[in-house]
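Biologist: Can you put the model up and walk me through it? I'd like to start with the sheet.

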Amino acid sequence: MRLGKRLSVIVLIAVLAVIAAACGDDAATTTAAPTTTAAPTTTAAEAGGTIVAFIPVTTNTYIAEWARGAQLAAAQYGYNLIVIENNFDQAEQDTQVQQQLGAGGDVKAYVWWPSDNAAGVASLQALAASGIPVIQTNQYPFAGSERLVVGYAGVNDTFNGEVAGELIVEARDWMVDNGIELHSEGGNAIIVGFVPGYQAGIDRTAAATAKMEAAGITVLGMIESGFDPASGYAGAKELIAAHRAAGIDLVYAHNSALNEGVIQALEEEGYVVGPNSPTVMAIAGTCHGNLEYLENGKEFATGLQAARLEGIFSINTLHEYLTTGSLASFDNFIPNPPLHSPAYGITAENELETITLEGFSVEELCSY
Amino acid sequence: MRGRGERLEEAALAAARDAARIRTSRIATLAIVGGAVVVLFVVGWLTTPQFLQWPNLRNVVRSAAMIGMIALGMTFITLSGNFFSLSVAQTGAFSAIAFAFMMSWGWPLPLALLAVLAGALLVGAAQGGLVALGGNPIVVTLGVGAGLFGLGSVLTDNKTIRHGNTAADWMGTGRPLGIPTQTWAFIILCIIAAIVLSRTRFGRNVLFVGGNKFAAASSGIRPSRVAIQVFAISAFAASIAGLFLSAQFGEGRLDSFTGDDINAIAAILVGGAALQGGEGSPLRTALGAVFIAALENLMVLRQYAFGVRKLWVGVAILVAVSLFNYLRSRARTT
């Protein structure tokens with residue numbers, strides 16, 4: 001029996017080893033540490049040299065889409081992009097930086113997406129000290145660390161929040177114009193946001209709240225719930241229970257995936273969402289996932305600050321630096337055009353069909 | 001020198017005293033968990049007007065349902081003395097993804113459901129098999145969870161899998177008698193689990209193995225078989241939660257159920273199950289899930305910050321575990 005158990009374990013290990021070997025990508029080369037979660041792909045072209053990107057894990061759909069965009073742009077310019085992922089763990093990312101620097105190699109530039117913007121400054125300093133240019137993406141450089149990078153390329157969550165705030169005001173005005181009675185003079189809003197402590201969520205909430213309050217909208221409350229429809233659903237359910245008595249006119253979700261759950265929760269609680277005599281309007285910050293609600297008007301509007309675009313934009317900006325030796329501007333924010341639902345006739349054209357960015361349609365940029 | 005009859009009588013009396021002590025301890029534990037839920041509801045009623053309103057109560061039970069289903073399945077593992085499973089979140093997410101794939105391929109709903117549940121049973125049984133071979137339950141389930149996550153990542157290319165098939169809509173969004181389908185599933189699973197545990201030979205075997213593995217083995221019960229069965233049940237329950245999630249939103253996502261394995265463990269602990277096995281019940285686990293959901297809900301209604309909410313949930317778990325441990329040690333020594 002004991003021998004049988006041992007044999008089972010040996011066979012299991014052998015099978016796993018064979019599977020692991022079969023799954024390996026011979027073409028992929030990475031100087032990353034063994035702790036690296038994955039180095040997804042490497043472009044064949046080597047003409048432009050190697051760029052190493054330190055980013056959080058691509059099992060997150062947004063980050064995976066960022067990586068796909070970055071790989072597309074790198075391939076276009078002939079760079080060999082090596083992506084080193086960490087599991088949203090700054091300590092893991094710090095180790096990866098040390099191992100990358102220790103291994104050396106002919107690296108032309110680094111892309112820095114810290115897991116923890118403040119705690120990652122020491123690693124950023126080490127990368128900068130190597131003399132190889134570093135560009136930061138997604139998280140704006142921590143105060144005082146701007147000198148360590150040649151520039152920033154990526155989202156601007158304050159800008160995202162401002163656009164969302166303006167869309168919320170537009171939604172409120174549409175309600176007034178269509179004779180829908182609000183629960184307070186300027187209307188009442190609730191916010192369903194990203195996970196607690198996430199800087200992007202904090203910036204979006206602050207910027208959108210400022211816009212709303214300036215337009216007389218009362219923010220009744222907010223909940224930090226997550227990134228997906230299930231989180232949006234759960235968060236909205238709780239907020240609705242807390243603020244139903246005060247009256248809810250507007251809901252702002254940080255992205256459209258959250259909003260999907262929010263809209264389900266609103267409808268279950270008896271609210272009418274959509275262009276036909278709505279009792280509440282749902283607005284999102286960034287398109288993500290299902291466009292159905294935007295098409296049928298249950299989502300009034302969202303922003304097109306897409307993940308793939310950010311990946312492309314980061315490499316484009318880095319390419320500009322590598323080819324000219326400087327950047328026209330330190331701040332390189334990706335655009336965030338609003339996407340209105342065609343169901344309300346706010347814009348003459350159907351933005352879902354007419355807007356393209358970097359050659360990609362709304363469907364291509366938002367559905368991931 | 002005492003006669004044989006006298007010794008037998010003493011042994012019988014001692015056994016009866018032990019049984020009475022255990023019964024008292026079980027009743028006390030159930031009373032504490034139930035009492036805690038009642039106290040919380042009374043506090044909520046007195047302090048927060050919205051708390052006891054029907055829509056909010058429905059929310060509480062609905063939010064307890066998903067975690068509760070996972071916790072009910074995992075309760076069998078804990079009762080059998082195999083601690084916990086750290087792969088339930090990944091099993092739920094993987095089931096949601098598999099279901100989304102199958103529905104997008106146009107599989108009939110019953111076939112997709114059966115295939116996903118059968119797959120989960122197999123994955124669970126495999127984990128139980130590894131534990132039966134001597135593997136540490138925590139390490140085995142951690143490894144399998146990582147494997148499922150990795151496989152899901154490869155299969156989905158880290159994208160959300162949307163199936164756009166409306167056949168499963170009712171399952172995810174139906175409200176029979178005004179109550180969400182998930183809540184019905186939670187209640188039904190709780191009843192089934194309670195019956196299985198208290199009225200079947202398998203249930204008694206689980207408790208016996210958890211109470212004393214070696215004594216159970218001497219009595220002809222095979223702990224390895226029990227291990228395979230309980231891990232299969234746990235994976236099955238997690239898979240049901242995954243199916244409901246996928247049906248509700250028409251999609252499967254790799255990052256679904258993040259942290260829900262820990263939440264399920266919390267429900268089991270607040271429900272007073274003994275970590276070493278042999279003591280606990282599905283009803284108490286269900287009450288534990290409801291308690292945590294109600295506590296979180298009440299704090300959201302009172303607009304407590306996220307950190308404060310987590311602090312109080314942590315305190316509730318610590319108090320529950322300490323209190324139940326004290327009760328059990330008292331029952332053993334008195």
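Modeller: One term first: two strands pair if DSSP finds at least two bridges between them. Keep in mind that this is a predicted model.

Biologist: Fine. In β2(A), what is the bridge partner of Ile51(A)?

Modeller: Leu81(A) is the partner of Ile51(A) there. The strands concerned are β1(A), residues 49-56, and β2(A), and they pair in the parallel sense over eight bridges.

Biologist: And what is the strand order of the open sheet in chain A?

Modeller: The order is β2-β1-β3-β4-β5-β11, six strands with parallel pairing.

Biologist: Which are the edge strands?

Modeller: β2 (79-86) and β11 (331-333) of chain A, each of which pairs on one side only. From one strand to the next, the twist averages 20°.

Biologist: Which strands does α2(A) lie across?

Modeller: α2(A) lies across β1 and β2 of chain A, and runs at about 160° to β2(A). Helix α3(A), residues 90-103, also packs on the sheet, where α3(A) touches β1 and β2 of chain A. The direction of α3(A) makes about 140° with that of β2(A).

Biologist: Change of topic. What does the domain assignment give for chain A?

Modeller: Domain 1 is 28-155 + 306-336, and domain 2 is 157-304 + 337-366. Taken over C-alpha atoms, the centres of these two domains of chain A are separated by 31 Å.

Biologist: Next, helix packing. At what angle do α5(A) and α6(A) pack?

Modeller: About 40°, with the axes 7 Å apart; α5(A) covers residues 157-177 and α6(A) covers 199-214. That angle makes α5(A) oblique to α6(A).

Biologist: Is the crossing of α5(A) and α6(A) left-handed or right-handed?

Modeller: Right-handed. Residues that meet in this contact include Asp157(A), Gly161(A), Ala164(A) and Ile168(A) from α5(A), and Ala200(A), Arg204(A), Ala207(A) and Lys211(A) from α6(A). The contact has nine nonpolar, five polar and six charged residues.

Biologist: What about chain B, say α4(B) and α10(B)? How far apart are their axes?

Modeller: The axes are 7 Å apart, and the helices pack at an angle of about 145°. α4(B) is residues 109-132 and α10(B) is residues 223-249. This crossing is right-handed. The contact of α4(B) with α10(B) divides into 19 nonpolar residues, eight polar and no charged.

Biologist: Last one, the two chains. How many residues of chain A are in contact with chain B?

Modeller: 27 residues of chain A, in contact with 25 residues of chain B. Elements of chain A that each supply at least two residues to that side are α1 (2-23), α2 (61-77), β7 (218-224), α7 (229-243) and α8 (256-268).

Biologist: Which of them gives the most?

Modeller: α7(A), with seven residues. By class, the side of chain A that touches chain B has 10 nonpolar, 10 polar and seven charged residues.

Key: Residues are numbered from 1 along each chain as its sequence is written. Chains are lettered from A and ligands numbered from 1 in the order in which they are written. This is a predicted model: local features need pLDDT of at least 70, side-chain atom pairs count only at pLDDT 80 or more; totals for chains, interfaces and linings use all residues. Axes are lines fitted to C-alpha atoms, for helices over the stretch in contact, and angles run from 0 to 180 degrees between N-to-C directions. Helices (H or I, at least four residues) and strands (E, at least two) are DSSP runs, numbered from the N terminus. Angles under 35 degrees count as roughly parallel, over 145 as roughly antiparallel, 65 to 115 as roughly perpendicular and the rest as oblique. A crossing is left-handed if the near helix is turned anticlockwise from the far one by less than a right angle, and right-handed if clockwise. Two residues are in contact if their C-beta atoms, placed from the backbone, lie within 7 Å. Ala, Val, Leu, Ile, Met, Phe, Trp, Tyr, Cys and Pro count as nonpolar, Asp, Glu, Lys and Arg as charged, and the others, Gly among them, as polar. Domain bounds come from an automatic or database domain assignment.
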